[in-house]
Amino acid sequence: MRTSGFTLTELLVVISIIITLTSISMPVYQGARSQLALRRAANKLAQDIGRTREMAISVKEEHSGKIPSGGYGVYFEAVDSEYNSYIYADNSGNQRYDPEEQMEKISLEKETKIKKVGNGSQKYSINFTPPDPRVSFYEGSTQLAQKELEIIISLRKDPNMTKSVIVNKSGVIYVK
């Protein structure tokens, strides 16, 4: 007489199917997770640049309680094989970053990095001068005449997986 339940063979077959499906889906999950981290990092950088632009539009007082004469900006500096980025208040009015003007460091997801800014030089600034704001791009201390600046973000493990944040002269910021 047979009672209801599963045999050992049936349980082993079901467990082996579950293990097989899990082993097949794990690499797909890891790739999707990396892509999502890259997308989040690009969107966060675009938001931080947009927040800087909004500070210039609203003529916001910076942390010392004064309104910066040169507006606000984002500074990128190459260190080894990646860039550090900072938001600054341009108190000197030179439309470029000076170390004492730094307000905050922009941080990205751990598994991502800023791979390249513009043509890959060491230092770049994007400056937003009120009230419109007027957008200026600088490579070091040289003002650039180009219409847009591209910031490329990549995964640390796979530098070929990238997203770009584009800032143009009219202040439009988008992720590509």
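Which residues does I126 touch, not counting residues up to four places away in sequence? In this predicted model, local features need pLDDT of at least 70 and side-chain atom pairs count only at pLDDT 80 or more, whereas totals for chains, interfaces and linings use all residues. Residues are numbered from 1 along each chain as its sequence is written, and side-chain values use heavy atoms, with hydrogens and water left out.

**View 1. Surroundings of I126 in the largest nonpolar core.** With contact taken as heavy atoms within 4.5 Å, I126 touches Y72, G73, V74, F76, Y88, V135, S136, F137, L149, I151 and V167, leaving aside residues up to four places away in sequence. A nonpolar core is a set of buried Ala, Val, Leu, Ile, Met, Phe, Trp, Tyr and Cys residues joined through side-chain atoms within 4.5 Å; buried means under 20% relative accessible area, exposed over 50%, and partly exposed in between, with a 1.4 Å probe and protein chains only. The largest such core has 31 residues, of which L45, I49, F76, I126, I151 and V165 touch the most other members. At least two core residues come from each of α1 (8–57), β1 (72–79), β2 (82–89), β4 (112–117), β5 (123–129), β6 (134–139), β8 (148–155) and β9 (162–168), and α1 gives the most, with eight residues. Helices (H or I, at least four residues) and strands (E, at least two) are DSSP runs, numbered from the N terminus.

**View 2. Stacked tyrosine rings.** Rings of Phe, Tyr and Trp (its six-membered ring) pair if their centres lie within 6.5 Å, and planes under 30 degrees apart count as stacked, over 60 as edge-to-face and the rest as tilted. Four aromatic pairs are found in the whole structure. The rings of Y75 and Y86 have centres 6.4 Å apart and planes at 25°, so this pair is stacked; Y75 lies in strand β1 and Y86 in strand β2, so the pair ties together parts that are eleven residues apart in sequence. Y86 also forms a stacked pair with Y97, at 6.0 Å centre to centre and 15° between the planes. Both Y75 and Y86 are buried, and Y97 is buried as well. Ring pairs link Y75, Y86, Y88 and Y97 into a cluster.

View 3. The side chain of D98 makes polar contacts with the side chains of S92, at 3.0 Å, and N94, at 3.3 Å. A polar contact is a pair of N or O atoms within 3.5 Å; within protein, one must be able to donate a hydrogen and the other to accept it, and residues adjacent in sequence count only if both atoms are side-chain atoms.

View 4. A salt bridge is a side-chain nitrogen of Lys or Arg within 4 Å of a carboxyl oxygen of Asp or Glu, and the structure holds six. K44 and D48 meet at 2.6 Å, N to O. R51 bridges to E104 at 3.0 Å, and K44, D48, R51 and E104 are linked in a network of salt bridges.
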